[in-house]
Amino acid sequence: MRVYEALADELGRVGVQAVFTLMDAETAKLITEVGRRGIKVFTTRHETAAVGMAHGYARATGGIGIAVVGRGPGFTNSLTALVSAARSRARVVAIVGEGAVGVGKVSAKAAADQPKAIDQAGMLAAGRISHVTLRSPATAVADLGAIVERGALAGPIVVKAPVDVLNAEAGSSDAEVTLPAPPPPRAPDPAAVASVADLLGTGWAAGHPVIVAGRGAVASGALDQLRRLADRIGAVLATTLMARGAFSGDPYDIGVVGTFSSSVGLELTSVADVVLAFGASLAPLTTYGGAIFPKARFVQFDTNPAAFGRFSPADITVQGDAAASASALVAELEHRGYRGPGYRTGDVAARIARYRIGESFTDRSRDGALDPRSVLTQIDRLLPRDRTIVVDAGHHLTFSGAYLAVTDPAAFMITVDSPAIGSAPGVAMGAAVARPDRLTVLCVGDGGFMITLSDLDTAVRYGLRLLVIVMNDSAFGAELHMLRLFGLPDDLSRYRNPSFEKIAIALGADGATLSSLDDIDRLDGRLARLDRPMVLDCQLTTDVRGDWVEFMHR
């Protein structure tokens with residue numbers, strides 16, 4: 001049995017159910033054998049989409065996403081998506097073709113002179129992406145099994161598969177690959193926990209506490225403990241953008257803090273005297289440079305000591321797993337018999353309950369140039385409650401990341417860890433594959449949509465339940481608004497777009513153009529029955545600017 005056949009067997013043995021790929025000459029045999037073993041193979045039009053789909057699939061399932069791309073040009077095409085997956089810590093295993101390493105008739109030197117040759121290891125190292133090479137036919141199968149097992153704990157990992165190893169006779173030796181194991185959850189220092197309890201027990205210093213949960217808190221399973229802690233100290237609950245929806249339904253949830261804060265959230269955080277941040281980096285857009293919490297002391301809980309004070313000074317730091325730290329703090333406060341009222345009053349709960357995002361702005365729409373806030377607010381009412389929201393990078397995320405509701409953080413994916421426009425469409429398709437039971441909604445700007453347009457065909461071929469909301473301002477919006485702030489002409493940031501509705505229909509999807517708010521009402525029923533991809537061409541004004549643009553300009 002050849003290595004490429006044995007690797008396909010191994011993927012089946014470890015339970016892989018889907019592989020995302022754009023085939024090339026070096027990986028064609030492997031991909032074919034994977035499909036012959038009953039694993040579903042999804043073929044894309046671009047390598048960015050293949051890796052993106054593995055990324056979205058992993059996030060939606062909580063498991064591993066497997067991508068296979070070719071070496072050289074195939075690899076470089078996928079690199080942006082690999083960097084995005086790495087910075088998102090997505091559980092992706094990407095198998096990448098590699099030149100011969102001298103196992104067969106082609107020497108490593110001869111392979112280095114071939115047209116596709118490129119220093120893939122060097123580029124992966126520059127992108128801080130973990131990678132290994134299957135160097136021996138004897139150990140390749142066991143190595144891949146070990147890598148996939150490791151990938152289930154943390155990712156992504158790129159597996160370089162040399163063409164001569166793939167075509168050699170497979171052996172059965174034990175794995176030789178060495179991968180660092182993720183550290184076990186770290187318990188916090190009791191003395192550090194006690195110092196936090198001391199602060200919380202000082203009424204004048206901690207009468208209005210806010211708990212901010214970040215992505216690390218979600219990953220550690222800390223949310224229930226954080227609710228217990230908030231109830232004991234009288235805190236309102238908030239999240240970073242990456243953890244959006246974590247406390248959905250809680251009467252004291254004020255949502256995302258920072259540039260996405262609601263008006264009621266801003267009122268409450270403006271008088272906060274202590275912020276307990278769990279697994280949150282407290283980046284400038286979360287604290288708005290500190291302006292959102294003008295009077296507060298910061299307590300930062302994180303597993304990584306490098307996170308402390310990276311963006312915002314912390315008065316107290318606690319190194320440890322978020323769930324373990326929250327549990328330890330609750331236990332310490334219970335032992336002391338401490339309970340604080342904080343924000344937990346009927347008036348605060350009522351103010352939070354009364355808030356309606358659709359009433360928080362004045363509509364600035366006109367025909368052919370719609371207010372993005374109004375568009376998304378109205379679309380939100382037509383969507384099923386059980387949906388996955390995937391948001392691409394770009395100016396539109398100011399609105400796409402705020403005006404479509406989500407019920408839990410697993411249902412919200414935003415590709416801004418490496419903010420390249422066009423990163424989210426692949427992620428959305430992978431999420432749609434993973435969760436065919438729920439509608440996946442992709443919010444993308446016209447620029448990002450055009451970059452990835454060819455893979456709308458992929459969504460059509462596989463009949464994905466995917467709604468693509470194209471936030472079409474006929475411009476690269478972030479750049480347009482930046483140029484305006486600089487006092488420079490914005491004409492080179494503007495584009496004349498084709499009809500996205502007509503393109504969608506030509507590719508086999510459904511489509512609609514929204515040039516007035518009345519057009520949205522006419523979608524009622526169509527979205528609820530959606531069983532194939534649909535593109536909404538939302539024609540937007542450039543008169544509404546996201547707050548973050550001005551903040552970043554400053």
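The model is predicted: local features need pLDDT of at least 70 and side-chain atom pairs count only at pLDDT 80 or more, whereas totals for chains, interfaces and linings use all residues. Residues are numbered from 1 along each chain as its sequence is written, and side-chain values use heavy atoms, with hydrogens and water left out.

The C-alpha trace spans about 75 × 60 × 45 Å along its principal axes. The secondary structure comprises 24 helices and 18 strands, defined as DSSP runs numbered from the N terminus (helices: H or I, at least four residues; strands: E, at least two). Of the 554 residues, 56% are buried, that is, under 20% relative accessible area with a 1.4 Å probe, protein chains only; exposed means over 50%, and partly exposed lies in between. Among contacts (heavy atoms within 4.5 Å) between residues at least 6 apart in sequence, 75% join residues at least 24 apart.

Six strands form an open sheet in the order E9-E8-E7-E10-E11-E12, with parallel pairing; two strands pair if DSSP finds at least two bridges between them. E9 and E12 stand at the edges with a single partner strand each, so one side of each has no neighbour in the sheet. Parallel strands E8 and E9 are joined by two bridges, and Asp253 in E9 is the bridge partner of Leu237.

Axes are lines fitted to C-alpha atoms, for helices over the stretch in contact, and angles run from 0 to 180 degrees between N-to-C directions.

| Helix | Strands | Angle |
|---|---|---|
| H9 (190–200) | E10 (274–278), E11 (297–302), E12 | about 140 degrees to E12 |
| H11 (223–233) | E7 (209–213), E8, E10 | about 175 degrees to E7 |

Helix H15 (residues 346–354) has the buried residues Val348, Ala349 and Ile352. Seen down the axis of H15, these fall within an arc of 100 degrees, so they line one face of the helix; the arc is that of the directions from the helix axis to the C-beta atoms. The buried residues of H15 pack against strands E8 (236–239) and E9 (253–256) and helix H12 (263–269). Gly346 and Arg354 are exposed on the face of H15 turned away from its buried side.
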